[in-house]
Amino acid sequence: MMVTFRELVPEDAEVLLTLQYQLDVESSYMLLEPDERHSGLKQVREMIENFVNSDSSVLIGAEVEGNLVGFLSLRGGTVRRNQHSAYIVVGILNEYQGVGIGTALFREMDAWASSHQIIRLELTVMTHNHRALALYTKCGFSIEGTRVKSLKVDGQWVDEFYMGKIIE
């Protein structure tokens, strides 16, 4: 399987929105439930434009045979005191998990962050999402704390780990 990685551009709004809707349906680990995403093409296009126009943020897509199957967003701080830090969100379709796409997305992210003076990366992960936790740990993240009762999923309280990584 040939996977390509590239920075997404505003013209990718429709395929990104389609991917996000699909992830909302197939994953209970993403923030939004299937009926909660209300953004349309205009909003997604504007969001991508904001990433493109930022010196501290990037939106990387993973494509297989021309189809967007995953993404990683890195949203950097916007003021001097936190512009060295960025928050990460990643989503990969179930069918394409476990084949190295996540690891490769994080490698792409590390290279981008290093070249843009981002030295602190952070993310949250549900404590029972063992597959993602293993990926993040493998990619150099460590648990910095636990957010107790951070989310409510299917009527149950869910804790999240807050994870961080310093790029030296």
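What follows is a conversation about helices, cores, ring pairs and charged pairs in the structure shown.

Trainee: Before the details, what kind of model is this and what do the values rest on?
Mentor: This is a predicted model, in which local features need pLDDT of at least 70 and side-chain atom pairs count only at pLDDT 80 or more, while totals for chains, interfaces and linings use all residues. Residues are numbered from 1 along each chain as its sequence is written, and side-chain values use heavy atoms, with hydrogens and water left out.

Trainee: Let's start with H3, how long is it?
Mentor: Helix H3 covers residues 101-115, which is 15 residues, and it reaches 21 Å from its first C-alpha to its last, close to the 21 Å expected at 1.5 Å a residue. The expected span is 1.5 Å times one less than the number of residues, and helices (H or I, at least four residues) and strands (E, at least two) are DSSP runs, numbered from the N terminus.

Trainee: And which residues of H3 are buried?
Mentor: They are Ile101, Gly102, Thr103, Ala104, Leu105, Phe106, Met109, Trp112 and Ala113, where buried means under 20% relative accessible area, exposed over 50% and partly exposed in between, with a 1.4 Å probe and protein chains only.

Trainee: What do those pack against?
Mentor: The buried residues of H3 pack against strands S1 (3-7), S2, S3 (67-76), S4 (85-92) and S5 (120-126), as well as helix H4 (130-138). Just after H3, Gln117 takes a positive phi of about 60 degrees.

Trainee: Which residues have the most contacts inside the largest nonpolar core?
Mentor: Leu16, Leu74, Phe106, Leu121, Tyr136 and Phe141 do, in a core of 45 residues. The largest share of this core, six residues, comes from H3. A nonpolar core here is a set of buried Ala, Val, Leu, Ile, Met, Phe, Trp, Tyr and Cys residues joined through side-chain atoms within 4.5 Å.

Trainee: How many aromatic pairs does a search of the whole structure find?
Mentor: The search finds three. Phe106 and Tyr136 form one that is tilted, at 5.5 Å centre to centre and with 50 degrees between the planes. Phe106 lies in helix H3 and Tyr136 in helix H4, so this pair ties together parts that are 30 residues apart in sequence. The rings of Phe106 and Phe141 have centres 5.8 Å apart and planes at 85 degrees, so that pair is edge-to-face. The rule is that rings of Phe, Tyr and Trp (its six-membered ring) pair if their centres lie within 6.5 Å, with planes under 30 degrees apart counted as stacked, over 60 as edge-to-face and the rest as tilted.

Trainee: What about Lys42 and Glu46?
Mentor: Their side chains meet in a salt bridge of 3.9 Å, N to O. Being four residues apart in helix H2 (residues 41-52), Lys42 and Glu46 are separated by about one helical turn. Lys42 is exposed, with a relative accessible area of 61%, whereas Glu46 is partly exposed at 37%.

Trainee: Last one, where does Glu63 lie, and what does its side chain join?
Mentor: Glu63 lies in strand S2 (residues 58-64) and is buried, with a relative accessible area of 14%. A polar contact of 3.0 Å joins the side chains of Glu63 and Arg6; such a contact is a pair of N or O atoms within 3.5 Å, where within protein one must be able to donate a hydrogen and the other to accept it, and residues adjacent in sequence count only if both atoms are side-chain atoms. Arg6, Asp12 and Glu63 are also linked in a network of salt bridges.

How values were computed
Contact = heavy atoms within 4.5 Å. Salt bridge = Lys/Arg side-chain N within 4 Å of Asp/Glu carboxyl O.
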